[in-house]
Amino acid sequence: MLCHVFPDADTPVVQLSIDETEPPEFHYKLGKRLTPLRDEGVLIVGSGNLVHNLHTYAWGEHNVQPFDWAVRFENWRENS
C-alpha cells in the first residue's frame, strides 16, 4: 500500500501492532518513546492487513468465519 503513497521508497517505516496483553497506558508510553522517530522523518504505522476484525476473530481462539465482504475484497485485491 505504501508504495503508492511513497513510490520512491525514500521514507523509513516502522509498523506497530497493539499488544492485547498490555494496558492502554503501555501503548501510550510506547507512543511517547517513539516520538523522536517521527521527528526524524520515520513513518510510524499502526496497521493490520487489508481488512480484519480482531475482536470477532478473537485472536485465533474461535473458529469464526470471516465476513463475506472481507473475503471478496481480499480476493479482488489479490487479483488486481
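Rings of Phe, Tyr and Trp (for Trp, its six-membered ring) form an aromatic pair if their centres lie within 6.5 Å; planes under 30 degrees apart count as stacked, over 60 as edge-to-face and the rest as tilted. The structure holds 1 aromatic pair. This pair joins Phe73 and Trp76 and is tilted, with 5.7 Å from centre to centre and 35 degrees between the planes. Both residues belong to helix H4 (residues 68-78), where they stand 3 residues apart, about one turn of the helix. Helices (H or I, at least four residues) and strands (E, at least two) are DSSP runs, numbered from the N terminus. The model is predicted: local features need pLDDT of at least 70, side-chain atom pairs count only at pLDDT 80 or more, and totals for chains, interfaces and linings use all residues. Residues are numbered from 1 along each chain as its sequence is written, and side-chain values use heavy atoms, with hydrogens and water left out.

Relative accessible area was used to class residues as buried (under 20%), exposed (over 50%) or partly exposed (in between), with a 1.4 Å probe and protein chains only. Phe73 is partly exposed, because its relative accessible area is 35%, whereas Trp76 counts as exposed because its value is 55%.

Strand E1 (residues 13-16) pairs with strand E2 (residues 43-46) in the parallel sense over 4 bridges; pairing requires that DSSP finds at least two bridges between two strands. Val13 has Leu43 as its bridge partner in E2.

Val5 lies in helix H1 (residues 2-5). Val5 is classed as exposed because its relative accessibility is 54%.
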